[in-house]
Amino acid sequence: MTNLLSFLKSNWDTKVKPFIKLDDNECWRWQRGKNVYGYGRVCLTRTNVLYTHIASYMYHHETLIPPGICVLHKCDVRDCLNPDHLFLGTKTDNANDKTSKGRARGVQSLNTADLTEIRRLLAQGVTHTEIAAKLRTSIATISRVRNDKCNYYTKSR
Ligand SMILES: [Zn+2]
């Protein structure tokens with residue numbers, strides 16, 4: 001881990017920089033692999049897979065990220081690496097940030113159309129993780145919809 005910064009420095013120009021594309025909002029969009037939630041990932045070595053926004057923060061600020069601290073996006077663009085769009089926060093900040101931006105939606109925020117869509121995707125065999133990412137809700141919510149334990153699903157909104 002102590003070598004990670006020097007490792008990033010020596011690999012940035014070949015493994016990260018060529019795959020960044022500037023968009024109209026000055027977001028540095030990652031053009032390669034992403035996880036199911038849309039966060040960029042870069043393989044520096046077989047054992048060093050980093051989230052690109054975290055790698056970018058570490059590279060530009062020349063610092064490691066302490067345990068329990070998250071790198072958050074001001075711009076809310078998950079595959080953005082622009083260090084000016086990134087800031088550090090706690091996991092709680094991250095949760096609050098998501099809630100305030102309306103991203104992590106609880107089950108009660110789902111409307112009838114969402115529920116129909118979730119059930120349709122489940123019937124197609126789409127994974128809970130993919131559905132949660134698509135509808136911007138949690139995996140637990142998808143499970144609850146599948147198990148149909150809550151009668152408020154039937155409320156019309
Ligand atoms: Zn951005």
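**Confidence, fold and helix packing in the predicted model**

Helices (H or I, at least four residues) and strands (E, at least two) are DSSP runs, numbered from the N terminus. The structure is a predicted model, in which local features need pLDDT of at least 70 and side-chain atom pairs count only at pLDDT 80 or more, while totals for chains, interfaces and linings use all residues. Residues are numbered from 1 along each chain as its sequence is written.

The average pLDDT of the protein is 84, and 85% of the residues score at least 70. Over residues 150-157, pLDDT stays under 50, and the model has 9 contacts beyond four places in sequence for this stretch. A contact is a pair of residues whose C-beta atoms, placed from the backbone, lie within 7 Å. Where pLDDT is low, the predicted coordinates should not be read in detail.

The protein has 6 helices and 6 strands. Along the sequence these follow the pattern α-β-β-β-β-α-β-β-α-α-α-α. Among contacts between residues at least 6 apart in sequence, 48% join residues at least 24 apart. Buried residues make up 19% of the 157 residues. A residue is classed as buried if 20 or more other C-beta atoms lie within 10 Å of its own, as exposed if 12 or fewer do, and as partly exposed in between, with C-beta atoms placed from the backbone.

Helix α2 (residues 52-61) is mostly covered, with 7 of its 10 residues buried. The buried residues of α2 are T52, H53, I54, A55, S56, Y57 and Y59. Their cover includes helix α1 and the strands β2 (28-30), β3 (41-43), β4 (49-51), β5 (69-73) and β6 (86-90).

The axes of α1 (residues 4-16) and α2 come within 10 Å and cross at roughly 120 degrees. This angle makes α1 oblique to α2; angles under 35 degrees count as roughly parallel, over 145 as roughly antiparallel, 65 to 115 as roughly perpendicular and the rest as oblique. Axes are lines fitted to C-alpha atoms, for helices over the stretch in contact, and angles run from 0 to 180 degrees between N-to-C directions. On the α1 side, L5, L8, K9, W12 and V16 meet T52, A55, M58 and Y59 of α2. By class, this contact has 7 nonpolar, 1 polar and 1 charged residues. Ala, Val, Leu, Ile, Met, Phe, Trp, Tyr, Cys and Pro count as nonpolar, Asp, Glu, Lys and Arg as charged, and the others, Gly among them, as polar.

E62 counts as exposed because it has 10 C-beta neighbours inside 10 Å. D76, in the loop between β5 and β6, likewise has a positive phi, near 65 degrees. With 13 C-beta neighbours inside 10 Å, D76 counts as partly exposed. N25 lies in the loop between β1 (20-22) and β2 and is exposed, with 11 other C-beta atoms within 10 Å. N25 and C75 are 50 residues apart in sequence, and their C-alpha atoms are 8.7 Å apart in space.

Notes:
Contact = placed C-beta atoms within 7 Å. pLDDT = per-residue confidence, 0-100.
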